[in-house]
Amino acid sequence: MSRHGSVRTTAAVFSLISICVAHVVLYARAQANTRGFISIDCGSPPSAGYVDVVTWLPYVPDAQFVDAGVSHNISAEHAGMIDLKLPRLYNDLRSFPTGARNCYTVRSLTPGTKYLVRATFLHGNYDGLGPGGLAVFDLHLGVNFWQTVNVSSVSDTFQAEIIAVVPDDYVQVCLVGKKGLGTPFISGLELRPLPDTLYPVVANASLSMAVHGRYNLGPDDEKPIVRYPSDPHDRVWKVLANLRSWNPANTTGTVRYVAGDQFEVPSAVMQTAATVDDGFSLRFYWGAYESNKELDYFAVLHMAELRRLNGSEARICEVYLNNGLWYSKPFSPEFRYSSSMFGMVAGSTEYSFRIEPTANSTLPPLLNALEIYVMVPTAERATHGGDVSAIMAIKAKYEIKRNWMGDPCGPKIYLWDGVGCNYAISSAPRITSLNLSSNGLAGEITTLLSNLTALQNLDLSHNSLTGNIPEFLA
Ligand SMILES: *[C@@H]1O[C@H](CO)[C@@H](O)[C@H](O)[C@H]1NC(C)=O
Ligand SMILES: *[C@@H]1O[C@H](CO)[C@@H](O)[C@H](O)[C@H]1NC(C)=O
Ligand SMILES: *[C@@H]1O[C@H](CO)[C@@H](O)[C@H](O)[C@H]1NC(C)=O
Ligand SMILES: *[C@@H]1O[C@H](CO)[C@@H](O)[C@H](O)[C@H]1NC(C)=O
Ligand SMILES: *[C@@H]1O[C@H](CO)[C@@H](O)[C@H](O)[C@H]1NC(C)=O
Ligand SMILES: *[C@@H]1O[C@H](CO)[C@@H](O)[C@H](O)[C@H]1NC(C)=O
Ligand SMILES: *[C@@H]1O[C@H](CO)[C@@H](O)[C@H](O)[C@H]1NC(C)=O
Ligand SMILES: *[C@@H]1O[C@H](CO)[C@@H](O)[C@H](O)[C@H]1NC(C)=O
């Protein structure tokens, strides 16, 4: 009994200490957040910001970023899972039963910054419809198609992640429904700025890349995903379940990367690897999305030697893709330093990689981590920034709802009702006409209209607007 009692006491003391520690950490992490992370919990009550207990990152409600949709909690039976293993983000969501396109607008960004943008989804039977409530819909980054999201399970989480240069001081993420394929919804939206030196393949706003797979190889299957703070850039590294023919290897020593590394894979990911039996090759493959040969993929293989080899040991490998040599020369991973082999692959329905030991290699090949991206053309321009800020202010002043969501001019099929635009080839679209006839507008005629500097036609008839026609309209 007394022994039991003393254990309890110890436990109580422990939890007190951990509470104190938590406060300190919370403060430190709040500081760290000046790195520009933006973490939005979609559908959470408007006053309910919080600090996530796994990442110590602060999350904010979504009300200030979106003006449509309906908040829901996931059902009680699915909420039970949240405490066990999932971030709180997944507790609630925002669904969009109306409107062809619904958008989140995140402001006050630095134009030209590279971002990792992550949208997350857990249906959790929020609508009580079970599998009947599942949905397939498109995500757009601004005016460009990003990817299709197929939420094909009530209880699984889905993530869409894109690395893109954001050209303006704001970015929009839009959900676009598909006829007969359910109601779009979203659980979370996270933006993480990346240094220019990371993923230089994304050089400007015209080409982005969406995650097809980002994997940590070799850990115990039980090991949770690696993300912030182990990865300061908060990439999500999922465990690629060990295949039967793979042998896991690991080290507790830190695996580093050299200054200027293009990937900065965290040590927690590089410390484990998959190898194979002597004489075998290490293989993996993926199928092109919808067997589409036109898609360009970007593949990155990360390797680091995990133990110090003696003079008579050598691990040398060659990498083949679909039977051709992919990487031009034999390769030896460095002891506890990351090296990466990367390149664009395209033109096939299946990409089959084989890492072979060379004849003079005494050890089998190894692979610590793997990233596969699909390239996404994002060259279509958003509307002229001054026009956007003016029309947004006009929308707010007169509380105009209609379909005024996302970019006013693009893509053309989602052009705002009553707005006309001029599309030039080399510059951003401009708003050239505005028809607010019969919109029930009341109050003064706003001078904000003069901010639409390319406006040629304006129709304000059949409203209850008062005051003189301002000079700029004459
Ligand atoms: C979700 O649950 C929280 C607390 O459990 C509650 O405060 C909130 O009002 C609920 N939201 C909705 C949309 O029902
Ligand atoms: C969504 O995924 C499910 C399961 O993978 C599949 O059966 C279904 O055809 C997919 N729907 C669309 C529209 O791609
Ligand atoms: C954008 O980057 C691509 C390479 O990814 C390059 O070919 C293109 O010229 C660049 N465009 C601009 C406008 O700099
Ligand atoms: C590292 O390897 C040992 C022995 O093979 C294993 O027991 C341990 O779980 C591994 N650790 C991780 C993090 O995979
Ligand atoms: C090097 O290591 C291998 C495998 O551990 C061992 O069989 C071999 O004897 C070692 N050679 C030397 C020179 O230490
Ligand atoms: C191993 O063999 C490859 C050719 O397969 C050769 O390029 C390389 O120099 C050799 N390395 C060593 C350490 O012998
Ligand atoms: C309208 O234009 C004025 C003058 O250029 C500028 O100061 C103001 O910020 C603009 N307002 C909006 C909402 O764009
Ligand atoms: C504005 O829209 C109304 C109907 O919504 C239409 O009757 C009117 O002709 C339009 N004005 C112009 C200038 O096109």
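## Around ligand 7

Let's start with a ligand: the shell around ligand 7 is made up of three nonpolar residues and two polar ones, with no charged residues. By name, the residues that surround ligand 7 are Ser-389, Ala-390, Ala-393, Leu-448 and Asn-451. On its own, ligand 7 has 360 Å² of accessible area, and the protein covers 35% of it.

Two side chains deserve a look here. In Asn-451, a polar side-chain atom sits 2.4 Å from an oxygen atom of ligand 7. For Ser-389, an N or O atom of the side chain is 2.6 Å from an oxygen atom of ligand 7.

The average pLDDT of the chain is 89, and 91% of the residues score at least 70.

The stretch to treat with care is residues 1–32, where pLDDT stays under 50. For these residues the model has seven contacts beyond four places in sequence. Where pLDDT is low, the predicted coordinates should not be read in detail.

## Around ligand 5

Now turn to ligand 5, which has Asn-310, Ser-312 and Glu-313 around it. A polar atom in the side chain of Asn-310 lies 2.3 Å from an oxygen atom of ligand 5. Ser-312 also has a polar side-chain atom to look at, 3.2 Å from a nitrogen atom of ligand 5. Of the 360 Å² of accessible area that ligand 5 has on its own, the protein covers 29%.

Arg-214 has its place in strand E14, which runs over residues 207–217. Is Arg-214 buried or exposed? Arg-214 counts as buried because its relative accessible area is 3%, under the 20% cut-off. Not counting residues up to four places away in sequence, Arg-214 touches Leu-116, Glu-161, Arg-235, Val-236, Trp-237, Lys-238, Leu-370, Glu-371 and Tyr-373. With Tyr-373 there is a polar contact between the two side chains, at 3.3 Å. For a sense of distance, the C-alpha atoms of Arg-214 and Gly-385 are separated by 34 Å, and the two residues are 171 residues apart along the chain.

Ser-39 belongs to strand E1, residues 38–41. Ser-39 is buried, with a relative accessible area of 3%. Leaving aside neighbours within four places in sequence, Ser-39 is in contact with Pro-58, Tyr-59, Val-60, Leu-189 and Arg-192. The side chains of Ser-39 and Arg-192 make a polar contact at 2.9 Å.

## Backbone details in the loops

You will find Pro-229 in the loop between E14 and strand E15 (238–240). Another cis peptide bond runs from Gly-410 to Pro-411, with omega near -15 degrees. Pro-411 is in the loop between helix H4 (385–398) and strand E26 (419–422).

Positive phi values in residues other than glycine are worth a visit too. Ser-291 has a positive phi near 55 degrees, and this residue lies in the loop between strand E18 (282–287) and strand E19 (296–303). Asn-323, with a positive phi of about 80 degrees, is in the loop between strand E20 (317–321) and strand E21 (324–325). Asn-323 counts as exposed because its relative accessibility is 67%, over the 50% cut-off.

Note on methods:
Residues are numbered from 1 along each chain as its sequence is written. Chains are lettered from A and ligands numbered from 1 in the order in which they are written. Side-chain values use heavy atoms; hydrogens and water are left out. A residue is near a molecule or strand if one of its heavy atoms lies within 4 Å of it. A polar contact is a pair of N or O atoms within 3.5 Å; within protein, one must be able to donate a hydrogen and the other to accept it, and residues adjacent in sequence count only if both atoms are side-chain atoms. Accessible areas come from the Shrake-Rupley method with a 1.4 Å probe; for residues, only the protein chains shown count as cover. Ala, Val, Leu, Ile, Met, Phe, Trp, Tyr, Cys and Pro count as nonpolar, Asp, Glu, Lys and Arg as charged, and the others, Gly among them, as polar. pLDDT is the predictor's confidence in each residue, from 0 to 100. Contact means heavy atoms within 4.5 Å. Helices (H or I, at least four residues) and strands (E, at least two) are DSSP runs, numbered from the N terminus. Buried means under 20% relative accessible area, exposed over 50%, partly exposed in between (1.4 Å probe, protein chains only).
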